Amino acid sequence: MPASDPSPPARAVRWALLGVMLAMLLSMLDNMVVGTAMPTIVDDLGGLGHISWVVTAYTLATAASTPVWGKCGDLFGRKNVYLLSVAVFVAGSALSGAARSMAELIAFRAVQGLGAGGIGALAFALIGSLVPPRERGRYQGMTASVMAVGTIGGPLVGGFITAHAGWRWAFYVNLPLGAIALVWCWFLLRLPAARARARVDWAGITLMTAVISALVLATTWAGSTYPWTSWQVLALFAAAAAGVAVFAAVERRVAEPLLPPRIFTGHRNFPLMSVLMLVSGTTIFGCSLYLPLFQQTVQGASASDSGLLLLPMMAPVVLVSQIGGRVMSATGRYKVFPVLGTACMTAGLLLLSTMDASTSRTLTGCYMALVGVGMGFLMQMVTTIAQNSVEMRDMGAASAAITLFRTIGGSVGVAVFGSLFNRALDGRLPADGAGAAAAPGAARDAYLHSFATGTHQIFLVGAVVCAVSLVAALLVKEVPLRGKAGPPAGKPGAVASEGGAGAGRPDSGTGGPQAAPTPTA
């Protein structure tokens, strides 16, 4: 495709991205919907001792498959690989809904997780293929809205479906929506077909899967199944560290590495964005899990409205993301946004760490709004800056890496926050298990104080982490955003022409940097 070809019309891009966003929404909703349905699932299938594996199997499969899906998209065409990942997710949903035992459900959740890994990795790569970085701000509101709806709507949808249709429909609901996403993307998502003759990096895939598996298992088990200093947890962390060293050595020698080292060494912005995505993943997971708990237990909010409790935090995400994106598209400037984002998140988390039993829900909402403003400035901007730092041929691998860092950040954050929280509550739980409301006055006060102490420690640690990440934001080098897909800004290199090796195949992973793909009729 010649470099001079016009970019797709904005209306065509929005229609195409709606299908991509629908599939992305399904994968984001799934964990929260299933989490709400878990008590009913256990009542029906039993297997209470293995309940954690329903989530762990999904998370592990998602994290381990994310870089593989991203690289396959670069090599064999992002549209077809994305459609395959959605099909795998839908198939896993159908199997999970039909599960007859907890063991079957765990296995089928792993299949779901495999599909979710591809959806998460390739959704942002497709956005990067369709929309050049300079124009990306116009579409940031769409992805921010999906994230907000997924976070807020998950518990509400899960509770409604479980109460009125049964827990199996928490999975079956993905079938018609997934089918709509597949058909929508098939007809409206138009990218030039890619056929690559490349050797698959089987060694890299094996090593990366082993590293991610060890890391996710270590962070999942640490502080709950095993102590942090147990030989099991330490051995898993040691195995992950050794695997990273071997993986880095292997990736420097293969023809088509799973995670090309050039995306980390080509421009300093990419590793900086990786750090910021780790931090945002940690913060999002921590706030989404422990803020509703604090509001319900300490402030007496209704558990039936658990999704709405996050509204003061998620509404600013959508609004600020829209504003920041439009300013970025109009001016081409972006460094100020990660700086503002990390600063607001640090301040908001510090304020949340001051909460106690006397803090009002209104004041809590104000603190949450400040965190939401920070997230809005940071979340989508990080992906845009990261994609602007790599070549078009590495868009899938780069997007997958950023998604993977967010997943790992969430996994590590949940493990560390869970340990802090459990330590604060140790010995303070009401003896009869009836909960704080039914406990005697003194015991109830002690329990609520410990609960507030646990959340104080969580948000204080989160604030420290965000403060450190502010340094990474300040180190971002502002280079011009590309007006069309091609070589990363500030890097030499010509856009592929019709006669080159990659001519007519902008979505291919072979050859050099390519022109922006233009949908064809």
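Modeller: Leaving aside its neighbours within four places in sequence, Q299 is in contact with F294, T359, S360, R361 and T364, where contact means heavy atoms within 4.5 Å. This is a predicted model, in which local features need pLDDT of at least 70 and side-chain atom pairs count only at pLDDT 80 or more, while totals for chains, interfaces and linings use all residues. Residues are numbered from 1 along each chain as its sequence is written, and side-chain values use heavy atoms, with hydrogens and water left out.

Q299 sits in the loop between α11 (269–297) and α12 (311–331); helices here are DSSP runs of H or I with at least four residues, strands are runs of E with at least two, and both are numbered from the N terminus. With a relative accessibility of 14%, Q299 counts as buried, a class that means under 20% relative accessible area, whereas exposed means over 50% and partly exposed lies in between (1.4 Å probe, protein chains only). Two of the residues it touches also take part in polar pairings: the side chains of Q299 and T364 are joined by a polar contact of 2.8 Å, and a polar atom of the Q299 side chain lies 3.5 Å from the backbone oxygen of S360. A polar contact is a pair of N or O atoms within 3.5 Å; within protein, one must be able to donate a hydrogen and the other to accept it, and residues adjacent in sequence count only if both atoms are side-chain atoms.

At 5% relative accessibility K71 counts as buried, and, neighbours within four places in sequence aside, it is in contact with E256, P257, L258 and P260. The K71 side chain makes a polar contact of 2.9 Å with that of E256, and one of its polar atoms lies 3.3 Å from the backbone oxygen of P257.

Charged pairs come next. The structure holds 7 salt bridges, each being a side-chain nitrogen of Lys or Arg within 4 Å of a carboxyl oxygen of Asp or Glu. One of them links D394 and R262, with N and O 2.7 Å apart. Because D394 lies in the loop between α14 (361–387) and α15 (395–425) while R262 belongs to helix α10 (residues 262–265), this pair ties together parts that are 132 residues apart in sequence. D394 is buried, with a relative accessible area of 2%, whereas R262, at 30%, is partly exposed. Another salt bridge joins R393 to E391 at 2.8 Å, N to O, and R393 is partly exposed at 22% relative accessible area. In a further case, R100 pairs with E104, their closest N and O atoms being 3.2 Å apart; R100 is exposed at 69% relative accessibility, and E104 is partly exposed at 22%.

Helix packing gives the wider setting. Two packed helices are described by the angle between their axes and the distance between the axes; the axes are lines fitted to C-alpha atoms, for helices over the stretch in contact, and angles run from 0 to 180 degrees between N-to-C directions. For α12 and α14 the angle is about 40° and the axes are 7 Å apart, which makes α12 oblique to α14; angles under 35 degrees count as roughly parallel, over 145 as roughly antiparallel, 65 to 115 as roughly perpendicular and the rest as oblique. The crossing of α12 and α14 is right-handed: a crossing is left-handed if the near helix is turned anticlockwise from the far one by less than a right angle, and right-handed if clockwise.

Helix α4 (residues 102–130) packs against helix α3 (residues 78–97) at about 155°, with axes 7 Å apart, so the two are roughly antiparallel, and their crossing is left-handed. With α15, α4 makes an angle of about 135° at an axis distance of 8 Å; these two are therefore oblique to each other, and they cross in a right-handed sense. Here G120, A121, F124, A125 and G128 of α4 meet M395, G396, S399, A400, T403 and R406 of α15.

Over the protein as a whole, there are 16 helices and 0 strands, and 55% of the 521 residues count as buried. Among contacts between residues at least 6 apart in sequence, 83% join residues at least 24 apart.
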